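Thanks for coming. I will go through one structure, starting with a pocket and then moving to some packing.

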Amino acid sequence: MALTDTKIRTTKSQEKDFKLADEKGLYLLITAKGAKYWRLKYRFAGKEKKLALGVYPDISLAEARNKRDEARKMLANGTDPGVFKQITKQTIKSAAENSFEAIAREWFAKHAPNWAESHSDKIIGRLENDLFPWLGNRPITEITAPELLIILRRVENRGALDTAHREQQYCGRIFRYAIATGRAERNPAADLRGALPPVSKENHYATILEPKAIGALLRAINGYKGHLATKCALQLAPLVFLRPGELRMGEWHEFNFETAEWRIPAERMKMPSPHIVPLSRQAISILLELQPLTGDGKYVFPSIRTASRPLSENTVNAALRRLGYTGDEMTGHGFRSMASTLLNEQGWNSDAIERQLAHAERNSVRAAYNHAEYLPERRKMMQHWSDYLDSLANETKSVQLKAA
């Protein structure tokens, strides 16, 4: 006899589990604790099996019968409804685990410990605000380049073109991580090269100027886990105002620790006279730490592969990427921009700054002027700059950058 809603509602639990039969294998299992479960008994390949159809009253009698009829149709077509249910459940679970958000958060968790806290906060904030609401639940294998471009153009249209470019870079890294871990086959972010308008080249050399962000960058550099020569190059870069090429080509014979100077030959600087770099106490400390490792060779910062060549031109920038800073956020050349901008803003002698930066002098008479021009002031400025950076890295306010 078929079940009715009244029969189901009024039937009470007993000391032991028991069943109320409906039709065509459907029955309601009532446990001793009063729970009521829909079950379907069926046979497949000569074996008796049971299929769970839900819990009453969440699943009504009518809904349970519909589920039963769907299962019987599968049986008629040679499909085991129990196996089908397991496969469907696993597919849904896999889709959730392989969603863009799930993989992005996994990628973030892997790399965030190596980033400055301010940098990681910025990345996860952009992902959560601009990308997850639109892409978060999407299986990463189904996301297309046009779909991703629509999301990035929303960011661009609110006037944040630079952020849109950075988020495209984040997406590229996330897709590459998914490919490396076997959950995607291609990177649609790579197909968007040139799709967004370029960022203005006014700030061609990406740099960081906000004091808290500088402190976070310096702490990240101090925690760098790679090759010591690379770490020391990263640490020295903000202290000496040199171009990345000038820094990496440094040779030990050019340094005089007694006079605290680095004299770079004129031919390498393409200048009429050697370029003098006053060395702060902090700069000398970095060099003395590195000297036992590379001091017997020619180059201060030799290549990781061979001491006969200096670090490659991409090493410093690659190390910054490893620390989590994109090419739009910080570059090796950006340390020069950082020093120049902040020192000029705080009233230091602009001629001394320009001389220390070794900018080409358009006036041929001034270009031939004494190579030691402004040297006493430059010594004072370089030491004060190093002390200021130390205060930012150590999160103290004991040193102010403003010129006396």
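**A pocket, a helix pair and a sheet**

Helix α8 gives the most to the lining of the second largest pocket, five residues. Helices here are DSSP runs of H or I, at least four residues, and strands are runs of E, at least two, numbered from the N terminus. This is a predicted model: local features need pLDDT of at least 70, side-chain atom pairs count only at pLDDT 80 or more, and totals for chains, interfaces and linings use all residues. Residues are numbered from 1 along each chain as its sequence is written, and side-chain values use heavy atoms, with hydrogens and water left out.

Back to the pocket. On a 1 Å grid over the protein atoms alone, with a 1.4 Å probe, a pocket is an open set of points with protein on both sides within 12 Å along at least five of seven lines, and lining residues have an atom within 4 Å of a point. Seventeen residues line this one, with P211, K212, L392, T396 and K397 nearest its centre. Both α8 (211-222) and α17 give two or more residues to that lining.

Now α17 (residues 375-393) again: α9 (residues 228-240) packs on α17 at about 130°, axes 9 Å apart. Axes are lines fitted to C-alpha atoms, for helices over the stretch in contact, and angles run from 0 to 180 degrees between N-to-C directions. In this pair P238, L239 and V240 of α9 meet M382, W385, S386 and L389 of α17, contact being heavy atoms within 4.5 Å.

Last, the open sheet: four strands, order β1-β2-β3-β4, antiparallel pairing. Strands pair if DSSP finds at least two bridges between them. β1 (18-21) and β4 (47-56) are at the edges, each with a single partner strand, so one side of each has no neighbour in the sheet.
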